[in-house]
Amino acid sequence: MKTSKNAAAAAVSAIMLSGLVSAASAGEFDGVTVNILTRPGYVIAGPLKERGQVFEKETGAKIVVSEVPYAEIFPKILNDWTTKTNSIDVGVFAAGWGVELDAAGLLEDLDPYIAKDKKIDTADIAPYFREFGQKVGGKTKLIMVDGDFQMVYYRTDVLQKAGLQPPKTWQEYIEVASKIHGQDMNGDGQGDYGSCIFKKRNGQSYFAIQTIAAPLVQTKGTAQGFHFDNATMKPIVNNEAWKKAFEIYKETGKYGPPEELNMDIGDTRAVFKSGRCGLLIEWGDPGTLQLDNDAAKIKNLMYAVSAVGSKEVLDRKTGKLVAVTKESAPNSIDGVNYAPFAAFGGWAGAINKNADPKKKAAAYAFLSYMNQAAQSNVDVTLGPTGYNPYRLSQLKSTDLWVKAGMTKELAANYIGAINAALNNPNMASDMKIPGAQQYTGVVLDTELARYLSGEITVDQALKNIEEGWEKITEDFGRKEQISSQKLALGL
Amino acid sequence: MSNSNYFQPGTSPVGFKRLRSDHLNEWLDRHSRTFFIAPALVLLLAFAIFPTFYSIIFALSRVKFTANGLRFRFVWFDNFFAQFSGNEQAHFLGRLTNISVLGWVFFAAVTAATLYWLYKSFRNGASVVGLIGRFISAAMAISIAFLFSATLLSGNPWGTLMTTLFYVFVGCTVQFFIGTMLALLCSQPISGKNFFRVLFFIPLMITPLGVGYAFKMVLDITKGPLQPLWDAIGLQNWAWSTDAWTARWFVILGDSWQWIPFIFIAMLAALENVSRDQVEAAEVDGASNLMIFQEITWPQIMPVAMTILLIRMVEAFKIVDLPNIMTSGGPGIATESITLHSYFLWRANDMGSSSAVAYLLLILTVVVCASFFNYIVLGQFKKTK
């Protein structure tokens, strides 16, 4: 891992030396310090620091990156900005969190900056990330540095050996996992796991369950959503579709590592990199992480499918599951409804509206610099950065990826899966309304964890989630939440 | 210097008009105690007591973050009631349905015993304040007995309150027993005892976060250092962290590893102050080691032991680091303490509920620890006198 980080740093440095800083002119921000808050570790924060040093040389702006645990990023930024402490100028966080911060009037409108910026080339940013990730209420409030949605990965060698095809539905996912579970997948003589999913409470387990639920619930395009009735904000969670998603999710545990309930994403990554996982739900990272030196056993073997779907979908009137037809699921393909889930939405930078104008200008220039193709088209090909593709130029040809170390076949599969997801009109959007963290990160996550541990039944879990979500909606104000939901889904 | 110009400070010789500065000095003298204490008191109020009371405003409100700062909506005790009803009841108290016969029997027995104790206190002429205190303690004991009956004795899952009490009572008992045994061992004339004293004390120096991560790594059955051991004994597919009870016990294991040294060092100090003359006299009289411990050693170390146990209990109520790092409160909410519960709510920006839960913990800690002090520690003190 250390070697791969060093390699990533070297690659980033090489590009830096070529003098590609171009969002601002030399010395323009002398004496200005931009304080950025983001997650800990090299992932996400590392490239910000490294590129920040070059940016300082070129523009005079000092980039200071502070790191806090993932779960504390949002409360810290919210506290800092609402109390006008203003010790943070830029937050780099989940694109979806922007809605709540913007509703509190805390985000700088970036459209005027973009209008004067000749380098950012927003047309090259994939429409989903440009329109849903960067914009809130039609105005650009964030700049992406990463593009995120979840996909399913499979070990092509293991499936080929077993004569199996990659799963198209969640039922097939279970079948494939059950058939390959216990096989030795890394040649160490030990039986390995059919499926690996990070199921630890207070980790990111609540994203994976939504990846399973999305194709069962959302059928009519991104704007339909799959958490609420958009007109009333009544939760659409206590029904057969979510019930089935919960049951499938629990069943995957039969074919996972014994400690799966206590594994976060760092744990599952360590396990799949050691070659012990046949299938996994993940973001774009495994595509490049398998190129790391410590992942030699799976190099060029981890293929992706853009989404796993369902042959049954929710009838929202009755709460029951019905077979997929062109009426019930207009976007379905060969009788399967797909809804790739834009979990997390990607890491994006937002600027504190109350920061000093000079700082805001320097902050924008730096975020633009990180976002520009010259930098990001390198960063997204390096596994340790944690950055995944979000620009069209990154997904046009396999060249970038072959240069990063992928075989042409893997590169074609990888960008093919991403393109398929991004072009899917039924892409499922992550929750982007005020209180999103409470709805999903607390209520959904807690009840899911209680169900997985056997504390409560699936029916109790769904009822609790419905009650919990209603309470949060009442707290934030139903009318306000309806408006936010419409903005978030582009209605 | 003539006598007429001389007078004692604070006095006014006859015939001389007192100066304004004399009055000021006198006034300052009279209030000197206040002026000495005031700075410390102001600081204490500013940095400790004021935030405590300010958090009551949070506990009684729903708090919204806006561009103009925090917006409070006063909801009275809604945040508190929410922990005892609906969805949150199971989280805080546990599931309280389908109470078993054994549960009802136990609850009835505890209630009867507590009421009898209250009656006896009344008959013995306890003061009004004493009776109020006993009434509060009895109410808490009956409530805890009900939770115990409705959850553990009825096969229902626990909430964070019972999990916290488990860490406090079971954890402190284990730690006290082992810490005292180690102290007894090291108070004996054995070779290398100074080495063991230092060795046993080291875990207390380590930050709880470090202990949490260390135990998480050591106990990782798939890639931890003990993995060959798990394999060798056939437990490679057994995950302690996915079973509620083993997870709780492993949290106690980590907590005990850290806190046994605290008991150990305090008890060792107490044991070394036990009068050797009395022990030697008892030995000459042929008393057994057990008798010596019961009749001479324990009565002398008991006040320290009870005080140490009380301090440890207060600390144990606040346990947060280990369950957060080792299991993140899971599986489900099996290892989530009340402090962790409050922290998770704070992290989700639910400041009102977070403060309410923190106050509930404060009430629980104060009542349990004050009851322990009044009825057990003081009771033991009286016995030894």
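Analyst: Buried means under 20% relative accessible area, exposed means over 50%, and partly exposed lies in between (1.4 Å probe, protein chains only). The model is predicted: local features need pLDDT of at least 70, side-chain atom pairs count only at pLDDT 80 or more, and totals for chains, interfaces and linings use all residues. Residues run from 1 along each chain as its sequence is written, chains are lettered from A and ligands numbered from 1 in written order, and side-chain values use heavy atoms, with hydrogens and water left out.

User: Why is B:Trp346 called partly exposed?

Analyst: The relative accessible area of B:Trp346 is 25%. That value falls between 20% and 50%, so B:Trp346 is partly exposed.

User: What makes B:Tyr343 and B:Trp346 a stacked pair?

Analyst: Rings of Phe, Tyr and Trp (its six-membered ring) pair if their centres lie within 6.5 Å; planes under 30 degrees apart are stacked, over 60 edge-to-face, the rest tilted. Here the centres are 5.9 Å apart and the planes meet at 20°, so the pair is stacked. Both residues sit in helix 15 of chain B, 3 residues apart, about one turn of the helix. Helices here are DSSP runs of H or I with at least four residues, strands runs of E with at least two, numbered from the N terminus.

User: What makes the pair of B:Phe293 and B:Trp298 tilted?

Analyst: The centres are 6.3 Å apart and the planes 35°. B:Phe293 is partly exposed at 23%, and B:Trp298 is partly exposed at 23%.

User: How do you know that B:Lys216 and A:Asp267 form a salt bridge?

Analyst: The rule wants a side-chain nitrogen of Lys or Arg within 4 Å of a carboxyl oxygen of Asp or Glu. The closest N and O atoms of B:Lys216 and A:Asp267 are 3.9 Å apart, so the pair qualifies. Between chain B and chain A the count is 4 salt bridges.

User: How many residues make up the contact between chain B and chain A?

Analyst: With contact set at heavy atoms within 4.5 Å, 47 residues of chain B touch 38 of chain A.

User: What area do chain B and chain A bury between them?

Analyst: Buried area is the accessible area (1.4 Å probe) that two parts lose on being put together, summed over both. For chain B and chain A, that is about 3,600 Å², 48% of it on carbon and sulfur atoms. B:Phe65, B:Asn87 and B:Arg347 supply 17% of the area that chain B buries against chain A, more than any other three residues.
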